[in-house]
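Here is a short briefing to read with the model open beside you. Take a look at the fold, then follow the topics below.

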Amino acid sequence: MKKLQRKKRKPIPVPIASMGDIAFLLIIFFLVCSEISKEKNDLQLTLPFSEHVNKVKVPVVARVAVDEAGTIYFDGSQVDGAKDVEWGVRSLLTGTVSDDQRHVQFKCDSTLPKEVFEPVLKAIAAGGGIIEAVGEKDE
């Protein structure tokens, strides 16, 4: 019995000489496009800045503060956690009718990580309060 002999395939050459040219053309294309996009920027954008923020002149129902140690204060009294803030806000807002009567001032230390003050913000929102952030201007 005769074995079938496979034909040897010739390796197909991949033309890599033009890859460098294509790479340089792509680099030039993106450089040209980026310059056009800079010049085409006719939009007049004014980025928000804290000095231009208007002060809100609505009555505040409660004040919540978090100091640099993470201690939470509700209307000047220390509370155990965010749940106490939620219940305090909820109890103060039970008889409110309009949104103007639901503003709660919130202030926290700027060095606190998000994990510390975010539950307090969620508690204020869960209690039905409208959060009014209070801060100090950077100098």
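Where is the place of G76? G76 sits in the loop between β2 and β3 (77–79). This is a predicted model, in which local features need pLDDT of at least 70 and side-chain atom pairs count only at pLDDT 80 or more, while totals for chains, interfaces and linings use all residues. Residues are numbered from 1 along each chain as its sequence is written, and side-chain values use heavy atoms, with hydrogens and water left out.

**Overall layout**

- The protein chain has three helices and five strands; helices (H or I, at least four residues) and strands (E, at least two) are DSSP runs, numbered from the N terminus.
- Starting at the N terminus, the order of the elements is α-β-β-β-α-β-α-β.
- Of the 139 residues in the protein chain, 19% are buried; buried means under 20% relative accessible area, exposed over 50%, and partly exposed in between (1.4 Å probe, protein chains only).

- β1 (residues 60–66) pairs with β4 (residues 103–108) in the parallel sense over six bridges, where two strands pair if DSSP finds at least two bridges between them.
- In that pairing, V66 stands opposite C108 in β4.
- With β2 (residues 72–74), β1 pairs in the antiparallel sense over three bridges, and here A65 faces Y73 in β2.
- The hairpin of β1 and β2 has five residues between the strands, and G70 takes a positive phi near 90° there.
- Back at G76, the residue is exposed, with a relative accessible area of 66%.
- The C-alpha atoms of G76 and V64 are 7.8 Å apart, for residues separated by 12 positions in sequence.

**The N-terminal part**

- A "transmembrane region" annotation in UniProt (unreviewed entry) covers residues 12–32; such annotations may be inferred rather than shown by experiment, and positions are given in the numbering used here, with feature names shortened.
- The end C-alpha atoms of residues 12–32 lie 36 Å apart, and the span is 67% helix and 0% strand.
- V14, I16, M19, I22, L26, F29 and F30 make up a nonpolar surface patch with about 750 Å² of accessible area together.
- Patches are made of residues with over 30% relative accessible area and no salt bridge, with like charges joined within 9 Å and nonpolar side chains (Val, Leu, Ile, Met, Phe, Trp, Tyr) within 5 Å; accessible areas come from the Shrake-Rupley method with a 1.4 Å probe, and for residues only the protein chains shown count as cover.
- V14 lies in the segment before α1 (19–39) and is exposed at 61% relative accessible area.
- One aromatic pair is found, under a rule that joins rings of Phe, Tyr and Trp (its six-membered ring) with centres within 6.5 Å, calling planes under 30 degrees apart stacked, over 60 edge-to-face and the rest tilted.
- The ring centres of F29 and F30 are 5.3 Å apart with their planes at 70°, so the pair is edge-to-face.

**Salt bridges**

- The whole structure holds three salt bridges, each defined as a side-chain nitrogen of Lys or Arg within 4 Å of a carboxyl oxygen of Asp or Glu.
- E86, in helix α2 (residues 82–92), is buried at 10% relative accessibility.
- K83 bridges to E86 with the closest N and O atoms 3.3 Å apart, and E86 bridges to R90 at 2.6 Å.
- D99 and R102 form a salt bridge, with their closest N and O atoms 3.4 Å apart.
- Through shared partners, salt bridges join K83, E86 and R90 into one network.
- The C-alpha atoms of E86 and A123 are separated by 4.5 Å, although the residues are 37 apart along the chain.
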